[in-house]
Amino acid sequence: MKLNDEYITRIEKITNLGAGIARIEGFVVFVENSCPDDEVKVKITKINKNFAIGEIIEIIHPSADRVEPFCPMYKVCGACQIQNIKYEKQLEIKKEITQDAMKNIAHLDINIPNTIPSPKIKNYRHKIQYPVSQTKVSGRILAGYYKPKTHDLVNIKHCPIQPEICDKIIEFIREKAGICNIQGYREKTHSGDLRHVVIRNSAVNNKNLVVLVVNADKVLSKFNEFAKLIYENFDEVNGVCINFNTQKTNVILGKKTVCLFGKDYIEEKILDKTFKIGADTFFQVNPESAENIFRYVKEFLQNNCDSPVVLDAYAGISSFGIAISDVCQKVVTVEEVKASCDLAKEVAKLNNIKNIEIYNEDAAKFLRQTGGKFDAVILDPPRKGCSEESLKEACRLSDKYIIYVSCNPATLARDLKILCDIGCSVESVQPFDMFCHTYHVENVAIIKV
Ligand SMILES: C[S@@+](CC[C@H](N)C(=O)[O-])C[C@H]1O[C@@H](n2cnc3c(N)ncnc32)[C@H](O)[C@@H]1O
């Protein structure tokens, strides 16, 4: 096999990173924008020791599961890697990704049930983070996503996976920034004003919190003027904040945020609880699908434990703790971000929840140092998963179950293997679709201690 060689091949399956796999002359070839069962002509664009990359130059026989992507920016944007595949097939692929991780990494022979679909497959994403830049010659403001693996900005006028109001707010920002002398950020020279626009949108009332991330360390009068313009133009805007970020970094939000107009949060409703979401607090981006997960965990506890005491670790704004509090004797939550814990306390009060304790601490340290006993421990860590020590501590602290919520099947499988090696058993792993049209899949594993 050499560069630029052309082959006719069949796509076998989709990997956990969204590319198709074909086998050519015994070699694995990854093919983007493909669909299982496509017959395609590919050109080899890269050859590594163990695999190659191919590009489709002709679809000879499209798979019965192939569809026309509904977003015209599908190929340039790259955020929805599998939008060219029927939604029902996407769900099957996510089940298969989970099944493969359990078999190959956890060495678990377990049947994975069908993926629970997202209630909405368009306009589902309620957190938007657009980098902002500016054209060199005309000074036009650009806002959108980076092309995959680059920092080339795609100016996105309409994104069908986010609420329509977000397109309108972003367009207003593009058009009116100049009036207030706000310049788009130029990454190469680390100059300009506006680096990112972050919008948190409420699925329950369509209100928005707009966060302007600026390359400055204080509120200049032009930021104030611009924030006022945005706030006054939209009834749907609940508040406008400025976040300061002067670092040369890919991290979007700086440490400090101030609210200039309106409120510094939006409200969301999950199960029958009202939540508050701020500029930099973690909250699931697809609240309607998240509600399915919260209900699943709540019903499991209700059906399998009698008024349990539960530890919710990696808690964010204590979303699990608050959602399940009605069926628990007591809930203890632990989260490392102080702003999330402060908001969690407000939310607990707002919902009149009295049986919750909220700790602002590193989860590993808390698990190591706490001496109590719990009927169940919920673990919902970031993509990298848990440390071996934390898993052992969770096992020590729990009398009955660990409920592990994960957005990364590979680290979930690694951690389940560790838990099985110390004597736990995995009862079930249920995939949920939170991120339609992407390769991402959320799983809830129930582990008997
Ligand atoms: C995937 S989110 C889950 C949040 C929450 N369970 C929810 O569903 O909204 C992971 C959370 O873990 C927190 N986190 C990350 N590392 C942590 C650590 N070492 N100790 C405590 N919390 C941590 C993050 O700030 C984030 O809020």
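How many residues of domain 2 are in contact with how many residues of domain 3? Before we get there, a word on what you're looking at. This is a predicted model, where local features need pLDDT of at least 70, side-chain atom pairs count only at pLDDT 80 or more, and totals for chains, interfaces and linings use all residues. Residues are numbered from 1 along each chain as its sequence is written.

Let's start with the domains, whose bounds come from an automatic or database domain assignment. The protein chain is given domain 1 (6–66), domain 2 (91–117 + 286–448) and domain 3 (127–270). The C-alpha centres of domains 2 and 3 are 32 Å apart. Back to the opening question: seven residues of domain 2 are in contact with four residues of domain 3, where a contact needs C-beta atoms, placed from the backbone, within 7 Å of each other. On the domain 2 side, helix α5 (residues 287–304) gives the largest share, five residues. Helices (H or I, at least four residues) and strands (E, at least two) are DSSP runs here, numbered from the N terminus.

Now find the open sheet of seven strands, ordered β9-β8-β7-β10-β11-β12-β13 with mixed pairing. Strands count as paired if DSSP finds at least two bridges between them. At the edges are β9 (153–155) and β13 (256–262), each with a single partner strand, so one side of each has no neighbour in the sheet. From one strand to the next, the twist averages 35°; axes are lines fitted to C-alpha atoms, for helices over the stretch in contact, and angles run from 0 to 180 degrees between N-to-C directions. Helix α3 (residues 164–176) touches β7, β8, β10 (194–201) and β11 (208–214), and its direction makes about 155° with that of β10. Helix α4 (residues 221–233) touches β11, β12 (237–244) and β13, making about 155° with the direction of β12.

β20 pairs in the parallel sense with β19 (residues 374–379) over five bridges, with tyrosine 401 in β20 as the bridge partner of alanine 376. The chain gets from β19 to β20 through helix α9 (residues 388–397), in a right-handed β-α-β crossover. β20 also pairs with β22 (residues 442–448), this time in the antiparallel sense over six bridges.

Finally, zoom in on leucine 379, found in strand β19. Leucine 379 counts as buried because it has 26 C-beta neighbours inside 10 Å. Leaving aside residues up to four places away in sequence, leucine 379 touches Ala313, Tyr314, Cys386, Ala394, Ile402 and Tyr404.

Methods
Two residues are in contact if their C-beta atoms, placed from the backbone, lie within 7 Å. A crossover is right-handed if, with the strands pointing away from the viewer, the path from the first strand over the helix to the second runs clockwise. A residue is buried if 20 or more other C-beta atoms lie within 10 Å of its own, exposed if 12 or fewer, and partly exposed in between; C-beta atoms are placed from the backbone.
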